[in-house]
Amino acid sequence: MDTFERKETKYLLTPMQYIQFRALAEGYLVPAEYPESDVTSIYYDTPDDLLINRSIAGGKYKEKLRVRSYGSGETAPETPVFIEIKKKFKGTTYKRRVNCTRAAADAFLGGMDYERAIDAWPLADAQAQEAAHNRIALQIAGEIAWMRDHYDGLAPRMDVRTHRLSFVDANDPELRITFDADVSWRQTGSAHEHDLFTHDERILEVKCAQAYPMWLVAVLNECGARPQSVSKYGRAYQAAMASAQTAALAAARQRQAAAAPEPRRETVARHARRSGLAAFASRVVAQLAGAGDAARGFPAASSRKPAHANR
């Protein structure tokens with residue numbers, strides 16, 4: 001399916017909540033068509049990160065542009081991917097996407113005409129390649145092209161990876177439930193990948209067009225799970241900004257330390273005076289000790305000879 005319109009609600013589960021949910025949902029859920037997958041999403045944004053900042057700020061309308069692939073490892077030019085526009089308005093999510101190769105996606109999002117791009121780098125599956133030319137796909141490609149041209153400098157900004165388990169309600173396949181684990185992120189072009197969560201949390205996402213069934217409401221209540229905003233791109237962006245700020249502060253401290261002035265001359269002179277007074281006091285004590293010896297009939301300390309000297 002190339003278009004989706006549904007409610008998507010996320011919950012952040014601790015490891016214990018995840019185990020509890022899976023146990024309580026036993027019998028209500030069955031594996032989806034693709035029950036397990038590694039998902040990589042490349043998020044596009046403007047140079048000033050307008051789209052994600054607008055999303056984090058809240059509001060009734062949000063939109064994202066991403067290239068998504070399924071499978072482990074890096075994508076090759078011929079790897080099938082989906083170019084997706086994801087929009088959220090008043091709590092309802094609208095997702096529209098086209099299927100093409102990674103090379104065609106890069107060319108199209110870089111400014112090339114959609115049909116020219118998918119013909120230059122076609123999908124290996126002849127049926128999928130034909131579907132990429134149908135009326136709905138061309139309409140969605142037009143919407144993507146508008147977004148590409150509307151936002152200046154739109155380019156890959158963040159890569160997010162996750163391992164996903166997918167289920168559907170045994171009695172209603174339109175109700176989908178996914179669990180995302182091992183979520184990691186890296187800024188596009190960077191070799192450094194970072195874990196998004198530190199305590200093995202999982203993202204539970206419920207996707208449905210209607211109200212929750214009673215069993216799901218009961219299971220969520222029993223687990224103590226509460227809906228919350230858990231945008232993977234949003235959290236990855238915030239983590240990247242925090243890391244950049246920490247690095248900037250450390251660099252500023254290093255520059256301050258390197259630029260610190262040498263001790264002033266007055267300070268050096270003060271230390272010298274203190275050292276000189278200490279040496280003078282030592283000489284006075286020694287002289288007084290010598291004078292005391294002379295008054296008692298003893299030779300000065302400098303003229304004394306060791307007891308064995310006259311032997």
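Biologist: Which residue's side chain makes a polar contact with the side chain of Asp-159?
Modeller: Bear in mind this is a predicted model: local features need pLDDT of at least 70, side-chain atom pairs count only at pLDDT 80 or more, and totals for chains, interfaces and linings use all residues. Residues are numbered from 1 along each chain as its sequence is written, and side-chain values use heavy atoms, with hydrogens and water left out. A polar contact here is a pair of N or O atoms within 3.5 Å, one able to donate a hydrogen and the other to accept it; residues adjacent in sequence count only if both atoms are side-chain atoms. At 2.9 Å, the partner of Asp-159 is Thr-188.

Biologist: Is Asp-159 buried or exposed?
Modeller: Asp-159 sits in strand β6, residues 155–169 (strands are DSSP E runs of at least two residues, helices H or I runs of at least four, numbered from the N terminus). Its contacts (heavy atoms within 4.5 Å), leaving out residues up to four places away in sequence, include Ser-41, Ile-42 and Trp-185. Buried means under 20% relative accessible area, exposed over 50%, partly exposed in between (1.4 Å probe, protein chains only). Asp-159 has 7% relative accessibility, so the call is buried.

Biologist: How many of the eight residues of helix α3 are buried?
Modeller: Ala-103 and Phe-108 are among the buried ones, and the buried set packs against elements including β2 (29–45) and α6 (135–150). Helix α3 (residues 102–109) is largely enclosed by the rest of the structure, because the buried count is six.
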